[in-house]
Amino acid sequence: QVQLVESGGGLVQAGGSLRLSCSASGRTLSRYAVGWFRQAPGKEREFVAHISWSGDRTYYGDPVKGRFTISRDNAENMVYLQMTTLKPEDTAVYYCATDPRRFVRYEVLTSAHDYDYWGRGTQVTVSS
């Protein structure tokens, strides 16, 4: 059974930083591209960032470009989302998810429907 677990969320003031982590059991995370999404109350799940399985290709949603950085440590089977210059509008539950295909390097999935496994999310709250 595949399980993804996000951690690192919390309450932070505007302008602050947080680093989220994504780990997996039941799947070798290092073989899969990973996406981060977020969902605020009353809103649809929104694409945040994507990283190829090898970590050499990244892609970001427009609202977070220049402020968030996605990275991974394949030796540790971990994916991270470093968030800086946080804004109140970044407040949401953040989820990591895996591409169902292994070793995807060039294709970026920005639709939540294209991912197969999801974590339960971690809450990020940014106060003004």
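A charge is taken to sit over a ring if NZ of Lys or CZ of Arg is within 6 Å of the ring centre and within 35 degrees of the ring normal. In this sense the charged end of R19 sits over the ring of Y80, 4.1 Å from its centre, and R45 lies over the face of Y95, at 3.8 Å from the ring centre.

The model is predicted, with local features needing pLDDT of at least 70 and side-chain atom pairs counting only at pLDDT 80 or more, while totals for chains, interfaces and linings use all residues. Residues are numbered from 1 along each chain as its sequence is written, and side-chain values use heavy atoms, with hydrogens and water left out.

Rings of Phe, Tyr and Trp (its six-membered ring) pair if their centres lie within 6.5 Å, and planes under 30 degrees apart count as stacked, over 60 as edge-to-face and the rest as tilted.

| Pair | Centre to centre | Angle between planes | Class |
|---|---|---|---|
| F47 and Y59 | 5.9 Å | 35° | tilted |
| Y95 and W118 | 6.3 Å | 75° | edge-to-face |

Strands are DSSP runs (E, at least two residues), numbered from the N terminus. The pair of F47, in strand β5 (residues 46-51), and Y59, in strand β6 (residues 58-60), links distant parts of the chain, 12 residues apart; likewise, Y95 in strand β9 (residues 92-102) and W118 in strand β10 (residues 117-118) are 23 residues apart.

With buried meaning under 20% relative accessible area, exposed over 50% and partly exposed in between (1.4 Å probe, protein chains only), F47 is buried at 12%, whereas Y59 is partly exposed at 39%. Y95 is buried at 13%, and W118 is partly exposed at 24%.

Terms used. Helix = DSSP H or I, 4+ residues; strand = E, 2+ residues; numbered from the N terminus.
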